[in-house]
Amino acid sequence: MIQHDALVVGGGLASLRAAIAAHDGGLDAAVLSQVYPIRSHSGAAQGGINAALANAEGAEDDSPEKHAYDTVKGSDFLADQDAVEVMTSMAPGIIFEMEHWGVPFSRTPAGKIAQRPFGGAGFPRTCYAADKTGRFLLHTMYEQTLKRGIKVYPEWVVLSLVVESGVCRGVVAYHMPSGEFRAFAAKAVVFGTGGYGQVYAHSTNTLINSGSGMSVAYHAGVPLKDMEFVQFHPTSIIGTNILMTEGARGEGGYLVNNRGERFMKNYAPKLMELAPRDMVSRAIQIEIDEGRGFQGGYVHLDLRHLGRQKILERLPEIRDHCLHFLGLDPIHSPIPIQPGQHYSMGGIDCNVDGETPLPGLLAAGECACVSVHGANRLGGNSLLETIVFGKRAGEKAAQYVKGREWKDAGDAVFDGVLKQVESRVGALSQGSGREEPSAIRQELKETMFSNVGIFRDRLPMEMALNKVKELQGRYRRLRPVGKGRVFNLDLLRAYELRGMLDLAEAITAGALARKESRGSHSRLDFKQRDDQSWMKHTLAHCTADGPRLSYKDVTITKWQPEERKY
Amino acid sequence: MNFVVFRFDPERDREGHFDSYPVPAREGMTVLEGLLYILDDLDPTLSFRFACREGVCGSCAMFINGSYRLACQTQLKELRGATVRVEPLPNFPIIKDLVVDLTSFFEKVDKVMPYIKTASAPPEKERLQTVAQRQRINEVIDCILCGACQSACPAMWTNKEFLGPAVLVKAYRFIADSRDEAQQERLRLVSGEDGVWRCHSVFNCVEACPKKVNQTVAIGALKRRALVQKLKFWQRRTLSG
């Protein structure tokens, strides 16, 4: 059996940073990733990463505390304030470390790291490298794993945790290129497996973001926290929903309706286009719904006034995306945009050190919920979260592992889980049903987007919950999937689909139960935020009958809830 | 649109063949979307790599109608004729269908010290870099390691050990970075017998690159610096001899 002190699952920023921290903490750490690490979704992040460096003109008074306040207010006061302060106070240090490791940040005239304004932020605080910040961070992080000789297992998909006597002892994974299924033993497992964007239609996310890590943890009995909070990014290209960075508005881009109005003046007169994402997405949706959008359901993101030079220098990649996928040049034409599913505020329940309720399992990044984003994440805080909490999870794993001996003669438990997985896979290829997995997947995605989307209401959500249950039933009658083992996408996608259905159920159940509007969770039947009853985190526990919900309090330290005005 | 797709299943086939699939084209459809349509609606046994679907992750480099392309970035309407011929990247071992084995490529990346190396202690804050210094690496950092140029390079066809254009670009990315302090060491790594001198400036790599990185400019700069390094070495030897 393959064994490592720490197994880090996922190839994005959070997991690579965790692997580096675990390695530097003296562990033999290895990375298991569904793709080559540089292919991960972190690389699709464009606009930047927040830290109160005060490098930009007019940002001299910025501080980690102000960054924390903006984050808490942006979260609609659902974030745990102690965790937010951990993140914002570590931010400058991790940015400088990434710079020392070689990230090619854009520069100010003085040669410092360049920073731009982003939504909901009091100062230009978002450090950027043109509009390719995530990609450069990811490539640099990967370079640092190579430097340390950290073992990477590419194209290994984790299908199950191995848990014995309430302790996580490893994983079972599928190696796509060889078709092999294998158990891996570890003293600690860190999940940095990303979000579930593919549960929704119209997602900006990478096509591989099925949320499989979240569902694997959920099925192993680890609760998922605040799953009802789903972020919709205001600006994604109509149709393909390819992301148009918030940096486009940070650099001065306008949102314009079919009357030529900058309609944000009616929703957030002070911050205008740079209000937080939940508010801007709602505003765009209202404009479209009330007939002030364009035929086909979109509004314009207009960059023309920024001029050719600024667009080429600061936003070259979104320009390329427009050229490739729309056949238009934003230097000369406005960009047709609509909100798209973008990010999961919710995730695997964990603390500021990544520890989940399951000893030996840690989590960081989008798959985790600390919570630092509460009900709505600010742009530029997710890249920050991956690195801060990836590092902390890796360090905690190193502490946890030290002094723990390998448990002898424990192979039976690994063989048992391996056999379970193989029999589930076998069952998928021997099914006698006729249900088409791609049809179930598509119906799920459309249902979630229409019924558990930007605006929510009891009846549509109840219909969604019934629909998910129907789809779960149909999933049990799948047509047989292909028997081949090597790079079997049919098998992988069928396996993932089960997890996607269960995540959708947890999202919808949490949303139905939360009878208020807060951040991204905006209910037409409960329009007000209700601090009396709902200043609490939702926990969804997996049971045979679907999710069981429980709640825990939000940590408030410095900032009492106030009305969110921008 | 008729998709003609290379198929090879190591569990069943001795050699590859092509299968045809009718794909209903629609406005704005990409080759990747066509392949996903085949997977979902026509043939679930098809294998290919994909992730970001927007040209930034480098997963879906393929040989499409005789050109090196990212499937996700290739619009059907850009292609001439009613047939799309989709093949795996040439000159890599085939795992299954359109999926090739990139292990040797990533091993080569690891050979050129692909990370920034500094001798001096880092400052408390960021290392300063002027806008002009940053501009020097602006193009080469766009490489997404998709493997297209490694596949297209004729020097690699005859010498499998040649580092190849993408790997040399990776090395150059650090050599040209004002913050790196290991330029001489790295130059020695790329100027050995499997390094820069194997490049004969055929420019296939430049044409293959989906991110418009000009690898030959980077390799040319490496050659000049390697030459200077050699000359200095001989100068020192002559002077001390």
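Let me start with a helix pair: α12(A) and α14(A) are roughly parallel to each other, because their angle falls in the class under 35 degrees. The other classes are roughly antiparallel for over 145, roughly perpendicular for 65 to 115, and oblique for the rest. Helices here are DSSP runs of H or I with at least four residues, strands are runs of E with at least two, and both are numbered from the N terminus.

Before going on, the housekeeping. This is a predicted model, in which local features need pLDDT of at least 70 and side-chain atom pairs count only at pLDDT 80 or more, while totals for chains, interfaces and linings use all residues. Residues are numbered from 1 along each chain as its sequence is written, and chains are lettered from A and ligands numbered from 1 in the order in which they are written.

On confidence, the model has an ipTM of 0.97 and a pTM of 0.98. Chain B has an average pLDDT of 95, with 100% of its residues at 70 or above; pLDDT is the predictor's confidence in each residue, from 0 to 100.

Back to the pair in chain A. Helix α12(A) covers residues 437-451, and its axis comes within 10 Å of that of α14(A), crossing at roughly 25°. Axes are lines fitted to C-alpha atoms, for helices over the stretch in contact, and angles run from 0 to 180 degrees between N-to-C directions. The crossing is left-handed, meaning that the near helix is turned anticlockwise from the far one by less than a right angle; clockwise would be right-handed.

Which residues of α12(A) meet α14(A)? They are Pro437(A), Ile440(A), Arg441(A), Leu444(A) and Met448(A), and on the α14(A) side they meet Arg493(A), Ala494(A), Leu497(A), Met500(A), Leu501(A) and Ala504(A). Nonpolar covers Ala, Val, Leu, Ile, Met, Phe, Trp, Tyr, Cys and Pro, charged covers Asp, Glu, Lys and Arg, and the others, Gly among them, are polar. Contact means C-beta atoms, placed from the backbone, within 7 Å. As background, an α-helix has 3.6 residues a turn, so residues three or four places apart point the same way.

Next, a helix pair in chain B. α6(B), residues 165-175, packs against α9(B), residues 215-240, at about 60° with the axes 9 Å apart. These two are therefore oblique to each other, and their crossing is left-handed. From α6(B), the contact takes in Pro165(B), Leu168(B), Val169(B), Ala171(B), Tyr172(B) and Ile175(B); from α9(B), Gln215(B), Ala218(B), Ile219(B), Ala221(B), Leu222(B) and Arg225(B). That contact divides into 10 nonpolar, 1 polar and 1 charged.

Chain B as a whole has 9 helices and 7 strands. Its C-alpha trace spans about 70 × 40 × 30 Å along the principal axes. Of its 241 residues, 46% count as buried, which requires 20 or more other C-beta atoms within 10 Å of the residue's own; 12 or fewer is exposed, in between is partly exposed, and C-beta atoms are placed from the backbone. Among contacts in chain B between residues at least 6 apart in sequence, 66% join residues at least 24 apart.

Now the interface. How many residues of chain A are in contact with chain B? The count is 42, against 43 residues of chain B. On the chain A side, α3 (81-100), α4 (133-147), α9 (316-325) and α14 (489-513) each supply at least two residues. α4(A) gives the largest share, 6 residues. The chain A side has 20 nonpolar, 13 polar and 9 charged residues.

Staying with α9(A), its buried residues are Ile318(A), Arg319(A), His321(A), Cys322(A), His324(A) and Phe325(A). Their cover includes β11 (230-237), α6 (247-250), α8 (308-314) and β14 (335-344) of chain A. After α9(A) comes Gly327(A), with a positive phi near 70°.

Last, backbone exceptions. Most residues other than glycine have a negative phi, and most peptide bonds are trans. Met272(A) is not a glycine, yet has a positive phi of about 50°; it sits in the loop between β12 (254-256) and α7 (277-289) of chain A. Met113(B), also not a glycine, has a positive phi of about 55°, in the loop between α2 (103-109) and α3 (131-136) of chain B. Is Met113(B) buried or partly exposed? Met113(B) is partly exposed, because 19 other C-beta atoms lie within 10 Å. Finally, the bond joining Val370(A) and Ser371(A) is a cis peptide, with omega about 10°.

Methods:
Two residues are in contact if their C-beta atoms, placed from the backbone, lie within 7 Å.
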